Amino acid sequence: MSPAHISLAEPAPGTASRPALARTRAELATLLAEPAGTRAVVMTMGALHEGHATLIREARRAADQVVVTIYVNPLQFGQHEDLDRYPRTLAADLEVCAREGADVVFTPAVVHDPAPLVTLRAGPLGEVLEGASRPGHFDGMLTLVATMLHLVRPDLAFFGRKDAQQLVCIRRMVADLAFGVTVVGVPTVREPDGLALSSRNAYLSAPQRAAALALSRALRAGAAAGDGGPDAVLAAAGAVLAAEPGVEVDYLTLARPDDLGPVTAGPALLLVAARVGTTRLIDNLELVLPLVNGPGTEA
């Protein structure tokens, strides 16, 4: 298929030039056949918000060519999860891609047909935190991400730090399996009141959204107590969550940023997951825990 037969995304009036739109692997391969200098990819499941727009902007600054993928990946949804009700807003998503300067948008109807018999496993990283509540989620995510990396062949791949466990898994997959791509983590984008941007925020009623603010408040309270060590961090964050009856906490924990193992000092992730109504939300914050009984310190 020649490039002339590949459709173009329609941007909003007054926006930048339209990205080329590929709906099949063959169309994508045609669009990416010519050398483009540095290529970056931003993988999404659509329902794009300012967090996704920030990823595309960061990719645009760093690369000569930016590819955005839009695909709701069935492999990472469990039997009772929200695959069918996950928001699908392709027209609006294409406007965001055009506005932020994406060159190519890959939005296939299906990526794996038939369903793959060979998949990736996240191993121990996929069995804790989100993985404990969502068995197989990270296996499905990594299988899709690996496939997209092979199809797009990027030099850089941009992911948000809000999905901290996902980012850890992807970085380890890239390192452990020798993928030739640099993974770039982009800081969490938040609403002015602190709520981390998420496509699932659309499910929240006004009272639920107000209750959801307890997650970011808890993280800030925990970080403010950081000088007191891990117990103080968790106590401060836990107190904020306990005071909000509309939040049902799944986990609140500290973990190492590289492998999600236990951490008592140094760089750490403070992670929280909770249900507000029927919507599951996650958030995290990076902090540094003080050394205890280390060199130059007193017992």
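1. Two strands are said to pair if DSSP finds at least two bridges between them, and the strands and helices named in this note are themselves DSSP runs, numbered from the N terminus, with at least two residues (E) for a strand and at least four (H or I) for a helix. In that sense strand 2 (residues 39-44) and strand 5 pair in parallel over 3 bridges, and A40 has L156 of strand 5 as its bridge partner.

2. The structure is a predicted model, in which local features need pLDDT of at least 70 and side-chain atom pairs count only at pLDDT 80 or more, while totals for chains, interfaces and linings use all residues. Residues are numbered from 1 along each chain as its sequence is written, and side-chain values use heavy atoms, with hydrogens and water left out.

3. Strand 5 (residues 156-160) is largely enclosed by the rest of the structure, because 4 of its 5 residues are buried, where buried means under 20% relative accessible area, exposed means over 50%, and partly exposed lies in between (1.4 Å probe, protein chains only). Besides its pairing with strand 2, strand 5 is joined in the parallel sense to strand 6 (residues 182-186) over 5 bridges, and here F158 has V184 of strand 6 as its bridge partner.

4. The largest nonpolar core has 43 residues, and those that touch the most other members are L28, V145, L149, F159, I170, M173 and V174; such a core is a set of buried Ala, Val, Leu, Ile, Met, Phe, Trp, Tyr and Cys residues joined through side-chain atoms within 4.5 Å. Helix 5 (residues 137-152) gives the largest share of this core, 10 residues. For V145, if neighbours within four places in sequence are left aside, the residues in contact (heavy atoms within 4.5 Å) are M43, F159, I170 and M173. A second, separate core of 24 residues has A211, V233, A274 and V276 among its members.

5. Strand 7 (residues 248-255) runs antiparallel to strand 8 and is joined to it by 7 bridges, with L271 of strand 8 as the bridge partner of T253. Strand 9 (residues 279-289) also pairs with strand 8 in the antiparallel sense, over 11 bridges, and V288 of strand 9 is the bridge partner of P267. Strands 8 and 9 form a hairpin with 2 residues between them, and in the turn G277 has a positive phi of about 65°.

6. Helix 3 (residues 90-99) has as its buried residues D93, L94, V96, C97 and A98. The elements that cover these residues include strand 1 (20-22), helix 2 (50-62), strand 3 (65-70) and strand 4. After helix 3 comes G101, whose phi is positive, near 90°.

7. Which residues line the largest cavity? They are K162, L195, A196, S198, N201, A212, L215, L281, I282 and D283, a lining of 6 nonpolar, 2 polar and 2 charged residues (Ala, Val, Leu, Ile, Met, Phe, Trp, Tyr, Cys and Pro count as nonpolar, Asp, Glu, Lys and Arg as charged, and the others, Gly among them, as polar). Helix 7 (206-224) and strand 9 are the elements that give two or more residues to this lining, and strand 9 provides the largest share, 3 residues. The volume of the largest cavity is about 70 Å³, and the structure holds 1 cavity of 30 Å³ or more. A cavity here is a set of points, on a 1 Å grid over the protein atoms alone, where a 1.4 Å probe fits but cannot get out, and lining residues have an atom within 4 Å of a point; grid points are joined across faces, edges and corners, and a volume is the space filled by probe spheres set on the points.

8. Some backbone details deserve a careful look. Most residues other than glycine have a negative phi, and most peptide bonds are trans. L260, found in the loop between strand 7 and strand 8, has a positive phi near 65° and is buried, with a relative accessible area of 11%. D113 and P114 are joined by a cis peptide bond with omega of about 5°.

Note on methods: On a 1 Å grid over the protein atoms alone, a cavity is a set of points where a 1.4 Å probe fits but cannot get out, and a pocket is an open set with protein on both sides within 12 Å along at least five of seven lines; lining residues have an atom within 4 Å of a point.
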